[in-house]
Amino acid sequence: MFTVTRAAAKQIRSTAVSGDTEELALRVAASRTGDGGIDYRMGFDDVGAGDTLLSSHGVDVVIASADKVLLNGTVLDYVEIEPGDHRFIFLNPNDPHYRPPHE
């Protein structure tokens, strides 16, 4: 399962409104990098055949069937990295570079 935090959902909805893409789902994609890590991509898109559509905190998320394994168990969050610098982050136990927040 892929989930979106409340903070990420709020930012996604805001971005959809400002980009006039409210009718589209957020597509999340993932692929392995050369060092075994995971590269993520996001954008607003229509739901296609074979896609998985889910909803988390009021945000529709679409994932291609080929990306489901890499994204299983992932949490998408929106955090303040440094004062004034907010970013989306992926907390993914399938990524060898992932360190749980409690460590």
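Student: What is the relative accessible area of Lys68?

Tutor: Welcome! This is a predicted model, in which local features need pLDDT of at least 70, side-chain atom pairs count only at pLDDT 80 or more, and totals for chains, interfaces and linings use all residues. Buried means under 20% relative accessible area, exposed means over 50%, and partly exposed lies in between, using a 1.4 Å probe and protein chains only. Lys68 counts as partly exposed because its relative accessible area is 42%.

Student: How many bridges join E4 to E5?

Tutor: E4 covers residues 52-56 and E5 covers residues 59-63, and the two run antiparallel. They form a hairpin with two residues between them. Leu54 has Val61 in E5 as its bridge partner. The number of bridges is five.

Student: Which residue stands opposite Val61 of E5 when we look at Leu26's strand pairing, and in what sense do E2 and E5 pair?

Tutor: Leu26 stands opposite Val61 in E5. E2 (residues 25-32) and E5 are joined by two bridges, and the sense of their pairing is parallel.

Student: What is the phi of His57?

Tutor: His57 lies in the loop between E4 and E5, and it counts as partly exposed because its relative accessibility is 38%. Most residues other than glycine have a negative phi. His57 is not a glycine, yet its phi is positive, at about 55 degrees.

Student: Asp20 is in a loop too, so is it buried or exposed?

Tutor: Asp20 sits between H1 and E2 and has a positive phi of about 55 degrees although it is not a glycine. With a relative accessible area of 59%, Asp20 is exposed.

Student: What angle does the direction of H1 make with that of E6?

Tutor: Three strands form an open, mixed sheet in the order E1-E6-E7, with E1 (3-4) and E7 (85-91) as its edge strands. E6 and E7 pair in the antiparallel sense over seven bridges, and Val79 has Arg87 in E7 as its bridge partner. H1 packs on this sheet, touching E1, E6 and E7, at an angle to E6 of about 85 degrees.

Student: What distance does the polar contact between the side chains of Asn92 and Thr74 span?

Tutor: Thr74 is in the loop between H2 and E6, whereas Asn92 is in the segment after E7. Thr74 counts as buried because its relative accessibility is 0%, and Asn92 counts as buried because its relative accessibility is 1%. A polar contact is a pair of N or O atoms within 3.5 Å; within protein, one must be able to donate a hydrogen and the other to accept it, and residues adjacent in sequence count only if both atoms are side-chain atoms. The contact joining these two side chains spans 3.1 Å.

Student: Which residue's backbone oxygen does the side chain of Thr74 reach?

Tutor: The Asn92 side chain has a polar atom 2.7 Å from the backbone nitrogen of Asn94. For the side chain of Thr74, the distance to the backbone oxygen is 2.9 Å, and the residue is Leu71.

Conventions:
Residues are numbered from 1 along each chain as its sequence is written. Side-chain values use heavy atoms; hydrogens and water are left out. Two strands pair if DSSP finds at least two bridges between them. Helices (H or I, at least four residues) and strands (E, at least two) are DSSP runs, numbered from the N terminus. Contact means heavy atoms within 4.5 Å. Axes are lines fitted to C-alpha atoms, for helices over the stretch in contact, and angles run from 0 to 180 degrees between N-to-C directions.
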